[in-house]
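Reader: Hi! Could you walk me through this one?
Author: Happy to, here it is.

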Amino acid sequence: MFKRLFISCFLVIITLAYAYFNIGVGYNYGEFSNWVLRAGYEYYGFNLNADWTLNKLWNIYASVYFEADLGILIGPAIYATYDYNSSSNAFSVAYGPILGFSNKQLFVQVGYFSDFTTLTNISNAIFASLRFYVPDPPGMKMVDKLYIEAQYYRGSFKIVVGLLEPYF
């Protein structure tokens with residue numbers, strides 16, 4: 001009993017110690033053009049972000065990925081959308097594989113999202129994200145990470161400026 005409790009507490013502390021809280025603001029261009037607010041949680045190999053396009057809809061993106069030696073990433077991802085302004089309060093979920101690349105300054109992801117129940121127009125199913133981490137000022141080592149991200153999915157193009165803040 002004590003051993004399980006110790007291991008569980010250890011795993012929670014490690015997860016919180018090396019995880020980042022993600023906050024950001026941006027703009028969504030496309031069918032639902034408006035400002036975007038982002039809140040999320042990111043950890044090595046996992047991310048969960050919720051984007052709120054003001055007075056329009058919620059987008060929730062989550063992925064679990066595995067990294068190879070050269071920074072190549074692969075794994076499953078899910079993209080959920082809740083449009084609370086439509087007459088039917090539309091909720092849709094799409095999922096699929098994600099392939100990416102990561103290094104100190106870039107985080108690139110490309111994926112194919114679908115519900116896999118019907119044939120989907122390929123231009124509506126392609127997901128792409130490019131995140132650029134702003135370098136630390138000369139002579140300083142920052143704990144948080146400032147980033148600029150461009151994201152494309154279903155004909156919408158989103159630009160977000162965000163900050164990854166460590167929990168501790």
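Reader: Thanks! Let's begin with F157: buried, partly exposed or exposed?
Author: F157 is partly exposed, as its relative accessible area is 37%; buried means under 20%, exposed over 50% and partly exposed in between, with a 1.4 Å probe and protein chains only. This is a predicted model, in which local features need pLDDT of at least 70 and side-chain atom pairs count only at pLDDT 80 or more, while totals for chains, interfaces and linings use all residues. Residues are numbered from 1 along each chain as its sequence is written, and side-chain values use heavy atoms, leaving out hydrogens and water.

Reader: Where does F157 sit?
Author: In strand β11. Strands (E, at least two residues) and helices (H or I, at least four) are DSSP runs, numbered from the N terminus.

Reader: And how many helices and strands does the protein have?
Author: There are 2 helices and 11 strands, in the order α-β-β-β-β-β-β-β-β-α-β-β-β from the N terminus.

Reader: Nice. How much of the protein is buried?
Author: Of its 168 residues, 33% count as buried.

Reader: What about contacts?
Author: With contact meaning heavy atoms within 4.5 Å, 39% of the contacts between residues at least 6 apart in sequence join residues at least 24 apart.
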